[in-house]
Amino acid sequence: MKKKSFKWLLISLLAISMFLVGCNSKTNNETDGKKDPGTSNGSKKDTLVYGRGGDSTSLDPITTTEGEAFKVTENIFETLLEYGEKDTTIQPGLAEKWEASDDGLTYTFKLHQGVKFHDGTDFNADAVVFNFDRWMNGNDEKFPYYTMFGGYKADEGHVIKEVKAIDANTVQFVLKRPQAPFLKNLAMSPFGIASPEAVKKWGDDFRSHPVGTGPFKFVEWKKKDRIVVEKNPDYWQKGLPKLNKIIFRVIPENAARLNALAKGEIDVMDGLNNSDEETVKSNDKLQIIERPSMNVGYIGLTNTHKPFDNKLVRQAINYAVDKKAIIDAFYGGKALPAKNPMPPSIEGYNDAIQEYPYDLEKAKALLKEAGYEKGFKMELWAMPVARPYMPEAQKVAEVIQESLSKIGVTAEIKSVDWATYLEKATKGEFDAFMLGWTGDNGDPDNFIYTLLDKDAIGSNNYAYYSNDELHDILIEAQTETDQAKRNELYKKAQEIIHEDAPWVPLVHSTPLLAASKDVLNYVPHPTGSECLSKVEFK
């Protein structure tokens, strides 16, 4: 009798356990390799798993220039001003309103009251002053993006004369000279306001312990695996965020990431290959999300490395790259060939410039004129991760390698992990390299000055290109407040760059993301990263 009862007890327990396993298997969110229900009430998923190609290099946004960091920090930190949900129009952020003096030298911001940092300390004018003092007293190695304000405190070109707290909820910026994109710069991801107490506590390690005012709080970072953030219960914008948790997972291969999405292991993926668009569209459980195009993918030619210190060689490389073949093979029609360092969607774009056509004979003639009739050997560095402007960098590199071989140039393709890749590029260690840029604020200054001015060498000017005439034009364009006059200055700047050929501009792409059909309110931003506070599940 006891044996029979024990047998039925085992059967009952087994049935219950199988039922529980069946319930749990209906979810698709993972933490530490285990299934995570992803719900707080048992009825609706509230954990989003975001699959991406590379890990962040820092979670202190001012210390980096790479987009993988901003995907996460957009949800942890907030800026004084924000962009529109779908564009780069200026909107209130931590500052609810602002006014500028007639001479464009003084900006006064009224801050939202009652906002707290994730560590419970107050957000106020003193916190804003602390952050800007920290940044302006750094350098391009510590805070590379701060060059948007004309350098650092000790530099002659530094735009900001003073940042001062008028009272607890009012902060004032006094400039040395007008800066046309000043307000747009303030809204950029790198200028997220950090908790002064947390910065003091963690020092340089703040990059791994971020504390902001945003809708999500940092939980953990397992390098090259995942970053987890959770809902900020004290968030000042009532009713947000909709999600309880976001897990940013690193899945390097695009195909593996798509496979994970199809299997329900992740909810959203970036870096979708254009060739896989139809596969996603044919799956009734998935959806395509198109990011508005505001980018450029390019080959940088390090101007301090021989033979790329010779303009004729740089021009020859431009003639030797078949952009149309690259677009046809890898972009599925969702890219435009690039002839300028900024996309046509940006004001001041110079469409009158004639692109370098694909002309191997012209390329050979220029090499001969430069003294390289027999060609030369070089290294071509290809990104190890998918980027919005170049989802298949390694394959594109192979096409470029073959083209260059036709003019006697032997290119050895090399790569390294993403963080090291960026570090080497910053230091100017590459001969030629593949990279790109997604605009931060919709202003031409953010492309041309940020990427190609001599002030940006060591931060974002990886080609180590320097032209004094260009520099003077770009500073004048920053100071000029009449947009029509600014546009003419930027058109002239593009003519200089086209002639000097520090890059081979390749493409302006329309980046693709894919998501589960039950993901709602995901609005991709042209800057390449977006706050996910309004995202939820059906």
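**From the loops to the packed helices**

Reply: Pro 241 is found in the loop that runs between strand E11 (226-231) and strand E12 (245-250). Keep in mind that this is a predicted model. Start with the backbone at that proline: the peptide bond from Leu 240 to Pro 241 is cis, with omega near 0 degrees. Another cis peptide bond joins Lys 306 and Pro 307, where omega is about 5 degrees. Pro 307 lies in the loop between E15 and H8.

Lys 224 isn't a glycine, yet its phi is positive, near 60 degrees. You'll find Lys 224 in the loop between E10 and E11. Lys 224 counts as exposed because its relative accessibility is 64%. Tyr 464 also has a positive phi, near 55 degrees, and is likewise a residue other than glycine. Its place is in the loop between H13 and H14.

While we're on loops, have a look at Ser 208. It sits in the loop between helix H5 (196-202) and strand E10 (216-222). Ser 208 counts as buried, because its relative accessibility is 18% and the cut-off for buried is under 20%. Apart from neighbours within four places in sequence, Ser 208 is in contact with Phe 218 and Trp 221.

Which residues of helix H13 are buried? Asp 445, Asn 446, Phe 447, Ile 448, Tyr 449, Thr 450, Leu 451 and Leu 452 are. That is eight of the eight residues of the helix (445-452), so H13 is largely enclosed by the rest of the structure. What covers the buried residues of H13? The cover includes strands E15 (295-301), E19 (432-438) and E20 (503-509), along with helices H14 (468-479) and H15 (483-500).

Take H14 out of that cover and look at how it lies on H13. Two packed helices are described by the angle between their axes and the distance between the axes. For H13 and H14 the angle is about 140 degrees, with the axes 11 Å apart, and the crossing is left-handed. On the H13 side, Asp 445, Ile 448, Tyr 449 and Leu 452 meet Leu 470, Leu 474, Ile 475 and Gln 478 in H14. By class, that contact has six nonpolar, one polar and one charged residues. The spacing makes sense if you remember that an α-helix has 3.6 residues a turn, so residues three or four places apart point the same way.

The structure holds 27 aromatic pairs. One of them is Tyr 145 with Trp 437, a tilted pair at 5.9 Å centre to centre, with 45 degrees between the planes. Tyr 145 lies in the loop between helix H3 (125-136) and strand E8 (160-167), while Trp 437 is in E19, so the pair ties together parts that are 292 residues apart in sequence. Tyr 145 is buried at 1% relative accessible area, and Trp 437 is buried at 5%. Tyr 298 and Trp 503 make up another pair, this one stacked, at 3.7 Å centre to centre and 0 degrees between the planes. Tyr 298 counts as buried at 1% relative accessibility, and Trp 503 is buried with a relative accessible area of 4%.

To finish, compare another helix pair. The axes of H8 (311-320) and H10 (360-369) come within 8 Å and cross at roughly 165 degrees, so H8 and H10 are roughly antiparallel to each other. Their crossing is left-handed. From H8, Leu 312, Val 313, Gln 315, Ala 316, Tyr 319 and Ala 320 meet Leu 360, Lys 362, Ala 363, Leu 366, Leu 367 and Glu 369 in H10. The residues of this contact divide into nine nonpolar, one polar and two charged.

How values were computed. Residues numbered from 1 in each chain as written. Predicted model: local features only at pLDDT ≥ 70, side-chain atom pairs only at ≥ 80, totals over all residues. Heavy atoms only, no water. Helix = DSSP H or I, 4+ residues; strand = E, 2+ residues; numbered from the N terminus. Buried < 20%, exposed > 50% of the residue type's maximum accessible area, 1.4 Å probe, protein only. Contact = heavy atoms within 4.5 Å. Axes fitted to C-alpha atoms, helices over the stretch in contact; angles between N-to-C directions. Parallel < 35°, antiparallel > 145°, perpendicular 65-115°, else oblique. Left-handed = near helix turned anticlockwise from the far one by under 90°. Nonpolar A, V, L, I, M, F, W, Y, C, P; charged D, E, K, R; others polar. Phe/Tyr/Trp six-rings, centres within 6.5 Å; stacked < 30°, edge-to-face > 60°.
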